Amino acid sequence: MGVYDYIPHLPVNPAELPEWRNNVRRKLLAAKPRLASVVEPERVVFERHPAAPLPPRGVVVIGGSTGGAPAVEAVLRGLPPDFPWAVLVAVHLPELFTDTLVERLRRASALPVTAASSGLLLKAGHVLVAPGGRNLVVRTVTDSPWVGWQTDFVSETSLDVPSVDVLMHSAARVVGRNILGVVLTGFGQDGTAGARYIRQQEGVVIAQDEATSAVFGMPKAVIDAGLASAVLPLSAIADFVVRYVHTTGPATRASRFSALSQPVQAR
């Protein structure tokens with residue numbers, strides 16, 4: 001946000017005012033932007049470095065396989081332009097179809113959608129799609145004044161690529177409790193191990209219900225393992241996500257979850 005320092009309140013004791021003024025002066029001089037090399041007549045050009053971007057408040061990880069592309073499209077369509085969390089997507093697809101998936105999601109979403117690359121910062125209201133054939137992970141940013149996150153790739157061997165488990169595990173490990181996992185339609189059990197780690201970090205996991213899943217394998221594995229915070233039809237997932245991330249206040253995470261309206265099958 002560009003904050004450099006702060007100035008304390010005016011002293012109550014008038015005798016302390018000279019020292020207070022000197023302190024303010026020192027801070028202003030320290031924060032003064034350096035003079036650029038170009039000085040035009042009657043106008044001094046100052047140069048200030050841009051402020052470091054603030055990280056998102058949390059991260060949503062969406063995973064799926066067979067039928068996953070249209071399911072992700074349906075979820076993203078329901079997220080508003082001011083969505084305050086970053087969104088990561090991993091769908092089991094070959095590398096050849098990455099651009100097709102990204103373009104499809106761009107047409108459906110009000111949020112910017114980009115194929116993830118190494119070192120890309122996670123931003124609020126931005127969707128990053130794991131490229132086909134590569135396992136995407138989230139790492140902590142080390143060269144920022146804020147606690148932020150960025151994408152990277154690992155060569156970890158997994159049955160399904162991009163692995164939902166690998167992505168969820170890495171995101172939960174660095175983000176902590178402000179993470180929400182969504183396991184959509186697909187064959188197999190990818191997403192179950194990731195969902196377990198999310199729940200261990202006090203995050204929330206949503207599983208798509210059987211009636212709206214093209215293939216109920218991945219969501220069913222999460223549900224059978226007792227890891228689904230809520231089991232929802234596809235049409236209700238985006239609304240739940242939006243209500244959850246916008247629930248604010250001093251309440252604990254558990255009470256935040258229970259404060260949501262309950263036309264859902266919860267576990």
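Biologist: What should I know about the model and numbering first?
Modeller: It is predicted; local features need pLDDT of at least 70, side-chain atom pairs count only at pLDDT 80 or more, and totals for chains, interfaces and linings use all residues. Residues are numbered from 1 along each chain as its sequence is written, and side-chain values use heavy atoms, with hydrogens and water left out.

Biologist: At what angle do α4 and α5 pack?
Modeller: About 15°, with axes 7 Å apart, for α4 (residues 164-175) and α5 (residues 192-200). That makes α4 roughly parallel to α5 (angles under 35 degrees count as such).

Biologist: Which residues meet there?
Modeller: D165, M168, H169, A172 and R173 in α4 meet T192, A193, G194, A195, Y197 and I198 in α5. Contact means heavy atoms within 4.5 Å. By class, six are nonpolar, three polar and two charged.

Biologist: New topic. Which residues of α3 are buried?
Modeller: In α3 (residues 98-108), T98, L101, V102, L105 and A108. Buried means under 20% relative accessible area, exposed over 50%, with a 1.4 Å probe and protein chains only.

Biologist: Where do they sit around the axis?
Modeller: Within an arc of 125° seen down the axis of α3, so they line one face of the helix. D99, T100 and R107 are exposed on the other side.

Biologist: What covers the buried residues of α3?
Modeller: The cover includes α2 (68-77), β4 (86-91), β5 (113-115) and β6 (127-129).

Biologist: And P84, buried or exposed?
Modeller: Buried, at 13% relative accessibility. P84 lies in the loop between α2 and β4. Its contacts beyond four places in sequence are P56, R57, A124, G125, V245 and H246.

Note on methods:
Axes are lines fitted to C-alpha atoms, for helices over the stretch in contact, and angles run from 0 to 180 degrees between N-to-C directions. Helices (H or I, at least four residues) and strands (E, at least two) are DSSP runs, numbered from the N terminus. Angles under 35 degrees count as roughly parallel, over 145 as roughly antiparallel, 65 to 115 as roughly perpendicular and the rest as oblique. Ala, Val, Leu, Ile, Met, Phe, Trp, Tyr, Cys and Pro count as nonpolar, Asp, Glu, Lys and Arg as charged, and the others, Gly among them, as polar. The arc is that of the directions from the helix axis to the C-beta atoms.
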